[in-house]
Amino acid sequence: MPSSGPRAALLLLPPLLLLRAVLAVPLERGAPKQESPATESPDTGLYYHRYLQEVINVLETDGHFREKLQAANAEDIKSGKLSRELDFVSHHVRTKLDELKRQEVSRLRMLLKAKMDAEQEPNVQLDHLSLLKQFEHLDPQNQHTFEARDLELLIQTATRDLAQYDAAHHEEFKRYEMLKEHERRRYLESLGEEQRKEAERKLEEQQRRHREHPKVNVPGSQAQLKEVWEELDGLDPNRFNPKTFFILHDINSDGVLDEQELEALFTKELEKVYDPKNEEDDMREMEEERLRMREHVMKNVDTNQDRLVTLEEFLASTQRKEFGDTGEGWEADLTLLMAPSPTSLQTVEMHPAYTEEELRRFEEELAAREAELNAKAQRLSQETEALGRSQGRLEAQKRELQQAVLQMEQRKQQQQNQNSPAPGPEGQLQFHPDTDDAPVPAPAGDQKDADTSEKKAPDQPPELPQLDTQHL
């Protein structure tokens, strides 16, 4: 089985190839080419992209599920019949899917708590079940195991969200261009007259250099494909063969050209207009141009609108008159400059992404947002000043308390000094005048001994009789 290639990019399909698109399992279409090294799938831009990709990777390891997928039709996918095949995958696969879902629920809880902490006071009790219901790519009622309902929800949500990707990308690019123009005008208004004229002259020169580039071929035209055939594939342009060209650029050998494989064909044309080394070339505009080129080819070649170009569709497009009749190229139709939306033969530089009215509303939105931020900044400044004043009062109270404690310590020390006996002239201790000279009474235990000692006075020596000196 060939490598699945950029699987996540194939999530942009309608229900006919819904699950094949989401899982991007390559179909058996004749002898496969030599397996190419697996490459990392591009980011879909969905907030649950990692969870989606990990589920895809796990399901691809189960042979039973892959077999049922290849045999599934549109009705099986829309009715949820294929999702129920999840009950027959191996226990090892189900265990991995359960763990992936628990990790995703945990991640969503963390996101919710971070959002709530940023919007309100912390330590608020959250009803996670109610909050998780806003996420539609999993079943919030069962937060521990991955069931058929989870797979069905994941497929439906990813398909819907990614189907809106192009429109969201165009809207984001429009806002980017309006912001760029808004900042340019504000910058010019800030300059003096002479400086403004010089800045405008420099801008016109940059725009002139940007417009001076080789002819850009219409995407999907014979001239454009032959240029790729010759310069990228290194083949003789006189021996151009559409079928061989298709096989060469079906990178993952799944029998179709997906959106990434198509966009790779436009690189040569884009390099004629955009150079990252040039100051005047905006790489953001280049990516918008690449998207528009792909949309143009899909509109004219993808007849069943499944966002995949089959060999039959590709060969049929090469038989149309438009395939060889490219006129003056991708930017030829100058009469359509004021059209309400980009046309198939205009580059981004020729057709502004916005109108003056849209720019005016955008600038009003910016002004309102700026006023809101300024008001918030002022409130924060006032709160900071109030906190500073409060801090000053606390510091003053702290100093007063410290001074009071110090005074109490000093008075205590003075009292101790007054009650202590002063030393005599020779350093001996002197007692206070009012101190009694009475002996200190002995303890009760010694009082009895003292009384006994008083009763037992020491024996006096016996009196000697006086001698009668007259008889001597």
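This is a predicted model: local features need pLDDT of at least 70, side-chain atom pairs count only at pLDDT 80 or more; totals for chains, interfaces and linings use all residues.
The protein contains 18 helices and 2 strands. Of its 472 residues, 36% count as buried. The accessible surface comes to about 30,800 Å². Carbon and sulfur atoms hold 52% of that surface. Among contacts with a separation of 6 or more, 67% join residues 24 or more positions apart.

The mean pLDDT of the protein is 77. A value of 70 or more is reached by 69% of the residues. Confidence is highest in helix α11 (residues 242-249), at a mean of 94. Confidence is lowest in helix α1 (residues 18-23), at a mean of 47. Over residues 1-39, pLDDT stays under 50. The model has 115 contacts beyond four places in sequence for residues 1-39. Residues 332-345 also stay under 50 in pLDDT. For residues 332-345, the model has 21 contacts beyond four places in sequence.

One annotated region comes from a database record. An unreviewed UniProt entry places the feature "domain: EF-hand" at residues 237-272. In the model, this span is 56% helix and 6% strand. The end C-alpha atoms of residues 237-272 lie 19 Å apart.

Charged pairs were examined next. Side chains of opposite charge can pair when their charged atoms come close. The whole structure holds 37 salt bridges. Two of them involve R94. The side chain of D87 meets R94 at 3.8 Å, N to O. R94 has a relative accessible area of 15%, so R94 is buried. E147 also forms a salt bridge with R94, and the closest N and O atoms are 3.0 Å apart. R94 belongs to helix α5 (residues 91-119), whereas E147 lies in the loop between α6 (128-132) and α7 (148-163). The pair therefore ties together parts that are 53 residues apart in sequence. E147 is partly exposed, at 29% relative accessibility.

A further salt bridge joins R209 and E280, with the closest N and O atoms 3.2 Å apart. R209 lies in helix α9 (residues 193-211). E280 sits in the loop between α13 (267-273) and α14 (283-301). The bridge therefore ties together parts that are 71 residues apart in sequence. R209 is partly exposed, at 33% relative accessibility. E280 is buried, with a relative accessible area of 17%. Elsewhere, salt bridges that share partners form one network of D166, E259, E263, R294 and R307.

Aromatic rings form another set of pairs. The count comes to 7 aromatic pairs. In one of them, the ring centres of Y47 and Y48 lie 4.9 Å apart. Their planes stand at 85°, so the pair is edge-to-face. Y47 is partly exposed, with a relative accessible area of 42%. Y48 is buried, at 0% relative accessibility. The rings of W229 and F240 have centres 5.3 Å apart. Their planes meet at 75°, so this pair is edge-to-face. W229 lies in helix α10 (residues 222-231), and F240 lies in the loop between α10 and α11. The pair therefore ties together parts that are 11 residues apart in sequence. Both W229 and F240 are buried. Ring pairs link W229 and F240 with F245, F246 and F314 into a cluster.

Key:
Residues are numbered from 1 along each chain as its sequence is written. Side-chain values use heavy atoms; hydrogens and water are left out. A salt bridge is a side-chain nitrogen of Lys or Arg within 4 Å of a carboxyl oxygen of Asp or Glu. Buried means under 20% relative accessible area, exposed over 50%, partly exposed in between (1.4 Å probe, protein chains only). Helices (H or I, at least four residues) and strands (E, at least two) are DSSP runs, numbered from the N terminus. Contact means heavy atoms within 4.5 Å. Accessible areas come from the Shrake-Rupley method with a 1.4 Å probe; for residues, only the protein chains shown count as cover. UniProt positions are given in the numbering used here, feature names are shortened, and annotations may be inferred rather than shown by experiment. pLDDT is the predictor's confidence in each residue, from 0 to 100. Rings of Phe, Tyr and Trp (its six-membered ring) pair if their centres lie within 6.5 Å; planes under 30 degrees apart count as stacked, over 60 as edge-to-face and the rest as tilted.
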